[in-house]
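Biologist: I have the structure open and would like to go through it with you. Can we start with what sits around the ligand?

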Amino acid sequence: MIQKLFDLSGKVALVTGGSKGIGQAMAQGLAAAGADIVINSRNRDEMDTAMKTILGGTGRKGHCVVADLFKRSDTVALAREALDVMGRVDIIVNNAGTNIVYPVDKIEDEGWDRLIELNLTAPMVLVRELAGQMKERKWGRIVNIASMFAMRTKGGRGPYSATKAGLVGITKTMAQELAPWNITANAIAPGPISTPLTDRLVQGELRDYFNSMLVVGRWGKPEDLVGPVLLLASNAGSFITGTTLTVDGGWTTR
Ligand SMILES: NC(=O)c1ccc[n+]([C@@H]2O[C@H](COP(=O)([O-])OP(=O)(O)OC[C@H]3O[C@@H](n4cnc5c(N)ncnc54)[C@H](OP(=O)(O)O)[C@@H]3O)[C@@H](O)[C@H]2O)c1
C-alpha cells in the first residue's frame, strides 16, 4: 500500500538539467520508483554517462536530448522530442537553472534575459507544450525547482531571486488552472546543496556565511531532494498543489 503510493511504473518523467547535481539525483530517484526518464543538457557525453547512473539496475527506459534552454526553439524542440520518443510525459521536473550575480544597478541586459529565459521561461514553455497530453490522461505532475532565494535574497542575487519568485508565482496559477484534470503543480525551494553550481559560485567568506545559516549544521546533498520530488511526483502527493516545499536545512528559520 505504502509502496504503491510512490510507484511511478508506466509513467514518463522529463527532468531538465538531469546530467548532474540535483537533476541527476532526482532523475535517479524517479527511475528507482519506476518511471522512464528523459533528461536534457548541452553536453551529450555528460548526459550519456549520467543516464547510465540514473537507470542503473532499474530496467527503465531513458532518453537524452541535447537542448540549450537559453534558446526558446530548443525548449519547444525538447518537449516535442520527449513526446515523439516516449509517447507521453506524465511528470515534468523543471530543474535546469543557473545563477548570474549582479548588483541591481549593474545588471546587464543580456545576462538578465538569459537568466529569465532559462529559469522562468523554459518551465512555462514546457508546461505549455506538455499540459495538453496530460489533460487527455487526466493525470500529471509538475515540479518546479525554485530556491530559498525566492523567499530570501542576498546582494547580487536580484536577478536570480526574481526568476525563482516568478516560478513560485506561476506554479500557483498552474495548480489552479490544471487541477480539474488531476494535474498538480508544486515548487521545491532548496537551500544550499553541494553541486557543480554551488561548488563554483559559493566560496570563501560567502561559504562561511552559508554555513552559519544552516540550522542542521551541514550542506545538503543532491540526494536530499529525492524524497521531496517523489512525494510531489507521485500519488502520495495527490492533495498537495500550488505549494512550495522548502528543503533548506532550516535556513529560512533564521
Ligand atoms: N545547488 C543549490 O544549492 C541550489 C539551491 C537552490 C536552487 N537550486 C536550483 O536547482 C537547480 C539545479 O541546480 P544544480 O545546483 O544542480 O545545478 P548544476 O549542478 O549546475 O546543474 C544544472 C543542470 O542544468 C543544466 N543546464 C544549465 N544551463 C542549461 C541550459 N542553458 N540549457 C540546458 N541545460 C542547462 C546543466 O547542464 P549543462 O550545463 O551541461 O547544459 C545541468 O544538467 C537550478 O534550477 C538551481 O537554481 C540549486
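This is a predicted model: local features need pLDDT of at least 70, side-chain atom pairs count only at pLDDT 80 or more; totals for chains, interfaces and linings use all residues.

Biologist: Which of them are the closest?

Modeller: The closest are Gly17, Gly21, Gly97, Thr195 and Leu197.

Biologist: And which elements each supply at least two residues of that shell?

Modeller: Those are α2 (21–32), β2 (36–41) and α7 (196–201).

Biologist: How do the shell residues divide into nonpolar, polar and charged?

Modeller: There are 12 nonpolar and 13 polar residues in the shell around the ligand, and four charged.

Biologist: On to the sheet. What is the order of the strands?

Modeller: The order is β3-β2-β1-β4-β5-β6-β7, an open sheet of seven strands with parallel pairing. At the edges are β3 (62–66) and β7 (244–247), each of which pairs on one side only. From one strand to the next, the twist averages 15 degrees.

Biologist: What does pairing mean here, in general terms?

Modeller: Strands of a sheet pair through backbone hydrogen bonds, and the pairing is either parallel or antiparallel.

Biologist: Take β4 then. How many bridges join β4 to β5?

Modeller: Four bridges join β4 to β5, and the two run parallel. Ile92 stands opposite Ile142 in β5. Strand β1 (residues 12–16) is joined to strand β4 (residues 91–94) by three bridges, again in parallel. In that pair, Ala13 is opposite Ile91 of β4.

Biologist: Which way do the side chains of β4 point, and are they buried or exposed?

Modeller: Ile91 and Val93 point one way, Ile92 and Asn94 point the other way, and all are buried. In a regular strand the side chains alternate between the two faces of the sheet.

Biologist: What about helices on the sheet? Where does α4 lie?

Modeller: Helix α4 lies across β1, β2 and β3, at about 155 degrees to β3.

Biologist: How does α4 sit against α5?

Modeller: The axes of α4 (residues 72–86) and α5 come within 9 Å and cross at roughly 35 degrees. The crossing is right-handed. On the α4 side the contact includes Arg72, Val76 and Leu83, and on the α5 side it includes Glu117, Val125 and Leu130. By class, the contact between α4 and α5 has seven nonpolar, three polar and three charged residues.

Biologist: Change of topic. What is phi for Lys138?

Modeller: Phi of Lys138 is near 55 degrees, a positive value in a residue other than glycine. Most residues other than glycine have a negative phi.

Biologist: Where is Lys138 found, and is Lys138 buried or exposed?

Modeller: Lys138 is in the loop between α5 (109–137) and β5 (140–145). Lys138 counts as exposed because 10 other C-beta atoms lie within 10 Å, and the cut-off for exposed is 12 or fewer.

Biologist: What about Asn182, what is its phi?

Modeller: Asn182 is not a glycine, yet has a positive phi of about 60 degrees. Asn182 is in the loop between α6 (158–178) and β6 (183–190). With 15 C-beta neighbours inside 10 Å, Asn182 is partly exposed.

Biologist: One more loop. Where is Lys106?

Modeller: Lys106 is in the loop between β4 and α5. Lys106 has 10 C-beta neighbours inside 10 Å, so Lys106 counts as exposed.

Biologist: How many residues separate Lys106 and Gly156 in sequence, and what is the distance in space?

Modeller: Lys106 and Gly156 are 50 residues apart in sequence and 9.3 Å apart in space, C-alpha to C-alpha.

Technical notes: Residues are numbered from 1 along each chain as its sequence is written. A residue is near a molecule or strand if its C-beta atom, placed from the backbone, lies within 6 Å of it. Ala, Val, Leu, Ile, Met, Phe, Trp, Tyr, Cys and Pro count as nonpolar, Asp, Glu, Lys and Arg as charged, and the others, Gly among them, as polar. A residue is buried if 20 or more other C-beta atoms lie within 10 Å of its own, exposed if 12 or fewer, and partly exposed in between; C-beta atoms are placed from the backbone. Axes are lines fitted to C-alpha atoms, for helices over the stretch in contact, and angles run from 0 to 180 degrees between N-to-C directions. A crossing is left-handed if the near helix is turned anticlockwise from the far one by less than a right angle, and right-handed if clockwise. Two residues are in contact if their C-beta atoms, placed from the backbone, lie within 7 Å. Two strands pair if DSSP finds at least two bridges between them.
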